[in-house]
Structures are given as structure tokens and as C-alpha cells.
Amino acid sequence: MIEIRHLKLVDTVAKVGSLTKAAEKLFLTQSALSHQLKELESNLGVQVFHRVNNQLHFTAAGKEFLEASEEILDHISKLEARLQQLSRDQLKNYIHGYSEEETKRLNDQATSISELLHWDSWWPDGACVLEAACGVGAQTKIISQKNPNVKFVSVDLSEKSLEKAAKMRDALGLENVEFMLADVFSLPFKDNHFDHVFVCFLLEHVADPSAALKELKRILKPGGSITVIEGDHGSTYFHPQSSAALKAVQAQVELQKGNGGNANIGRELYPLLTAAGFTDVKANPRVVYVDDSRPDLVEGFTRNTFTAMIKGVGDEAVSKGIIRKNEFDEGIRDLLRTAEGGGTFCYTFFKVVGWKV
Ligand SMILES: C[S@@+](CC[C@H](N)C(=O)[O-])C[C@H]1O[C@@H](n2cnc3c(N)ncnc32)[C@H](O)[C@@H]1O
């Protein structure tokens, strides 16, 4: 019966002293404001204001309503501030950050292994797919072009990344993608809303992947699928062998763990999805193998995706005492050595699909 807009209306009238000024402040026409006021008074069966000599005065009921409104609105604004702080804290914990280099890295990553990860990323025409944690839209670009008759709602926690994603969408003229700011742990959608869900490189960064999967399952329709793609740094091997390079990779694993994530999550996707109640779960390891007969992968994957990613966490890993600077630098040199003549590099991604019954 009482809605938040009613609380705001009464509170604003009390603060600015007139209906005209309150309408301006609330971006309403005066007739819309009067309509809301009448609606409130008729719902409550009491008058909130009475007019004396063209001036508004609160009735006794109105005064009580105003006091409660101030208290409730104060609680709401404190709650909003707390939640916004929580969301900023989550972004601070995100180890790759939101730099221009990271945008380039995400795009290089998505492009260099697009066939390997997405040769089977098809959804039926007319379906509506939620893409969770779309970042700058590097995967969105690939899956939305591959499925022109599927509608994608792509969400992320970072406004800055979503702006970049929207620019990319507009430049490419993609008409089947909508970007939205949203937290995967509390999505602004009703139960059973989406036909399918797609998640790429998110669960490795969150402290409670099961809670994220639970929320994704909530908004998924029965009969719908969830597709999750994650890496697993424990699957990294290369030639020439180098203990310094392995230590640099392990430094990222430790750093991510310290931030609540799990860089080796790929191997755990099957048990995680099964425990979350998805059925018919199928895990599909996708191996990237690179040697100098595959120059696109040498550049796009070994150098610009994997080594760039490890390099990007170097300063933080060193400042937190996880690895010494000279050891880390040697590790990066050795990772780059695997991208030179005679070098080879191997890494496994896991693509896992499950269904909601
Ligand atoms: C490694 S990026 C992956 C982006 C994209 N999926 C891709 O593959 O290019 C991880 C993304 O997860 C987002 N993220 C982290 N926690 C999130 C949350 N709770 N809700 C929504 N997005 C989140 C980050 O902002 C970041 O954009």
C-alpha cells in the first residue's frame, strides 16, 4: 500500500515546502505528483496534508508518516552506500584490474582461441542468453556474431568495462546485445527468466563460486543450459623447461588465492556444477598447444594472453612478498623464451555445460 515513491514524495514536500518545488525536485509534472499524493491518501484513508491560506500543513497522520519516511529513507540510503562500497571492494580484489593493457589482453585472448572455445557455442534462434561477467565484451563479440538470432543480456560489475563493451557493440553494429551493470551474486532478474546462461573467466575470481552458480541457476529457466569456461594454471607446461617461469605462474596462483579466487578452478568445474544441482554435466577440456608453426597463437596466446596476464600481476605479487622481483623477471623472460624458435607452450581450458531440470 505504501511505496518508496510515496515516502520520497512526502519527505521532499517537507524539505522544499511546496508541491511545485517538490515536483521539480522529483522530476515529476505537478499533476503526476498530485496524482501520487491522492493515491497515497486514498490508500491510507487519511489526509497527509491540509491547506490553510494556500499553505501546506501536515496533518497529525501526515506528521507520523513523515517521521517514519525519514527513518526508512535514511536506512535505505545507508544500505545503498554499504552495498556500493561492497561492490567497489569486489572490484578492488579483482587481480587483473581494468587497465587499457588488460582490455587488449582480454581481446587478444578471446580472438586467439575463439575457435577452440567457441566452435560449439550455439544457442537456438530466439533464445535469450545471460552472459555473466562480460567485462569489455571480448567474448560477447564472438558469441553474439555467431548467434545473430539470439538475444544476449551481458552483465558485469565494472561500469568502465561496460562502457568499452558498449562502444565495441556500437562500432560493430551488433543489435542483439544489451549490456547492464549487475552483480552476479544478486542479479536483478526474476526466477526462471533466461533460456540459457554463459559464463567465461569469472568463477576463478570469486570467493564463493557455488553461491554464484546458485544465483545463475535461479534466473535460468527449467530446461535451460549453463555453459562455463575457465582456465586452470596447473595445466601450464612448456619447453624449454624453467623453474623460474613455473614460480612466476605460481605467484599468480598464490595472489589469486589471497584475493579469494582459484586460478586452478578448471578441474573443479564438473564437481561444482554437479553440486549446484545441474544435471547431465559434461566437462570438455580444451587444450591450447603452441609452437612456431602457429605464429598467430605464438603472438596472440603465448605472448599477448598468457605471459601478459602473468606479467600484469608482477608488481602486486612482488610487493606482497609472494616472489622476489629478480625471480619474477627471470620467469617472464623464460615464458617469452617459449614463444621463440623451437619453444612450445601448452595450457588447458575447461568448457563445461550443465542443465537445469
Ligand atoms: C577475466 S574478466 C572476464 C571478462 C570476459 N568474460 C572475458 O572473458 O573477456 C572477469 C570479469 O568478471 C567481472 N566480475 C567480477 N566479479 C563480478 C561479479 N560479482 N559480478 C559481475 N561481474 C563480476 C570483472 O569485473 C571482470 O570484468
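This is a predicted model: local features need pLDDT of at least 70, side-chain atom pairs count only at pLDDT 80 or more; totals for chains, interfaces and linings use all residues.
1. Location of the ligand. The ligand sits in the largest pocket. Around the ligand there are 20 residues, and those that come nearest are Tyr94, Tyr98, Ala133, Asp156 and Cys200.

2. Through its side chain, Tyr98 places an N or O atom 2.5 Å from an oxygen atom of the ligand. At Ala133, a backbone N or O atom is 2.8 Å from a nitrogen atom of the ligand. At Cys200, a polar backbone atom is 2.8 Å from a nitrogen atom of the ligand. The ligand taken alone exposes 600 Å², and 97% of that is buried by the protein.

3. By class, the residues of the shell around the ligand comprise 13 nonpolar, 5 polar and 2 charged.

4. The largest pocket. This pocket holds about 770 Å³ of space. Its lining has 43 residues, with Tyr94, Ala133, Phe201, Leu202 and His205 closest to the centre. Tyr94 and Ala133 are also among the residues that come nearest to the ligand.

5. Elements behind the lining. Two or more residues of the lining of the largest pocket come from each of helix H4 (60–92), helix H5 (100–112), helix H7 (138–146), helix H12 (295–312) and strand E10 (344–355). Which of the elements gives the most to this lining? It is H5, with 5 residues. By class, the lining of the largest pocket divides into 22 nonpolar, 15 polar and 6 charged residues.

6. The second largest pocket. About 280 Å³ of space lies in this pocket. It is lined by 12 residues, and Ser87, Leu157, Leu181, Ala182 and Asp183 lie nearest its centre. H4 gives the largest share of the lining, 4 residues. Helix H4 also gives two or more residues to the lining of the largest pocket. The classes in the lining of the second largest pocket are 5 nonpolar, 4 polar and 3 charged.

Technical notes. Residues are numbered from 1 along each chain as its sequence is written. Side-chain values use heavy atoms; hydrogens and water are left out. A residue is near a molecule or strand if one of its heavy atoms lies within 4 Å of it. A polar contact is a pair of N or O atoms within 3.5 Å; within protein, one must be able to donate a hydrogen and the other to accept it, and residues adjacent in sequence count only if both atoms are side-chain atoms. Accessible areas come from the Shrake-Rupley method with a 1.4 Å probe; for residues, only the protein chains shown count as cover. On a 1 Å grid over the protein atoms alone, a cavity is a set of points where a 1.4 Å probe fits but cannot get out, and a pocket is an open set with protein on both sides within 12 Å along at least five of seven lines; lining residues have an atom within 4 Å of a point. A molecule sits in a cavity or pocket if more than half of its atoms lie within 2 Å of its grid points. Ala, Val, Leu, Ile, Met, Phe, Trp, Tyr, Cys and Pro count as nonpolar, Asp, Glu, Lys and Arg as charged, and the others, Gly among them, as polar. Grid points are joined across faces, edges and corners, and a volume is the space filled by probe spheres set on the points.
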